Amino acid sequence: MRRLIHVTAIVTVISAVMGGLIGALQAQTSLGWSVLTGMVTGASIAAGCTGVEIGLLSNTQLRLVRRLPPLVLALLRGVLYSAVILGGMMLAQSLVGAPMPWQQDGFGAQFALSCAIAAVFSTGIEVVRFLGREASWALVSVRYTQPRLEERVVMFADVSGSTALGEQLGALGFHRFLSEVALDLARPINDAGGQVHRYVGDAVIVTWPRAAGARACLDCARAMHGALDQAAPRYQRRHGAVPRIRIALHVGEVAAGEMGDWKKEITLLGDVMNTTARIEAAAKNAGAATVLSDELVQLMGSAQRAGLVPLPDTPLDGKAAPLALWRDGGAAA
């Protein structure tokens, strides 16, 4: 929540400044009133649109909204943004005692332009949601045109007992089940600043930059378990089964870069990816909900290490030496 408030505040301040500049450029009489009107318009529109986005359109708790087809959701966002734009214009004019926007010359063109910008912005948000932030950034930059080495914290989160669940729920039922799990996990991942790299069957791969991940990944893992525990009655009522996840956490160097032609994606390769997958298998054998590599634990502060329990050195397939692992205290997976 703090992160969302921070983002809202930044967007609102930037929009207020831009609105003030536009007001100054368009000033025909009093420069001060024009700047004030522009700042109020920009701030109110930004705050309103951000509030609509966070509270309604991107709220993972509102499943009926998030399950709308992307085109419908984009159109709904455009309509709501347009309403907020009109409201912001009305608020600014009323504060300075000026005529309402539609009573002024050029209102139709200005409002149409604002709605067009809202529609483009709305479509862009849905494209980013479809591709993911990482791939979307790569689309408009050259960061991953050539592979590059990066230090990342990597999380593999896998649904426990997925084979039995798939048989119990059937293919379509299991897909709906996993889609609901993904929605429940989205908030803690986003709150922790994690980037969803990929969904692979019943697993999700999340990454962070090294320093940020060392601070946030364990809290994220705990919040993910907590989100599913809190939602357990809903899953039991809807699906007759409750999801449990196993989480593996590791840190190291990965090669990140574009791969593919007609369907491009950002691929992460390297020993850290293979090792994290094997740590997840070790978590299953140890009956642990969350397992961390010693390399990652050594990057954490003493407060973060509280509750971590060392496991016996664990041999992993393909690794020459056993790996030092830690498990997070709590219920078994």
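User: Before we look at anything, what does "buried" mean here?

Analyst: Buried means under 20% relative accessible area, exposed means over 50%, and partly exposed sits in between. Keep in mind that this is a predicted model. Take C220: its relative accessibility is 1%, so it counts as buried. C217 is buried too, with a relative accessible area of 0%.

User: How many disulfides does the structure hold?

Analyst: The general idea first: a disulfide is a covalent bond between the sulfur atoms of two cysteines. This structure holds zero of them.

User: Let's move to helix α10. How does its span compare with what 1.5 Å a residue predicts?

Analyst: Helix α10 covers residues 271-286, and its 16 residues should span 22 Å; the end C-alpha atoms are 22 Å apart, so the two agree. Just after the helix, G287 has a positive phi of about 65°.

User: Which residues of α10 are buried, and what do they pack against?

Analyst: Among the buried ones are V272, M273, I279 and A283, along with E280. The buried residues of α10 pack against several strands, including β1 (148-159), β4 (245-259) and β8 (325-328).

User: Is E258 buried or partly exposed?

Analyst: E258 lies in strand β4. Its relative accessibility is 25%, so it counts as partly exposed. L268 is ten residues away in sequence, and the C-alpha atoms of the pair are 9.1 Å apart.

Definitions and conventions: Residues numbered from 1 in each chain as written. Predicted model: local features only at pLDDT ≥ 70, side-chain atom pairs only at ≥ 80, totals over all residues. Heavy atoms only, no water. Disulfide = S-S within 2.5 Å. Buried < 20%, exposed > 50% of the residue type's maximum accessible area, 1.4 Å probe, protein only. Helix = DSSP H or I, 4+ residues; strand = E, 2+ residues; numbered from the N terminus. Expected span 1.5 Å × (residues − 1). Contact = heavy atoms within 4.5 Å.
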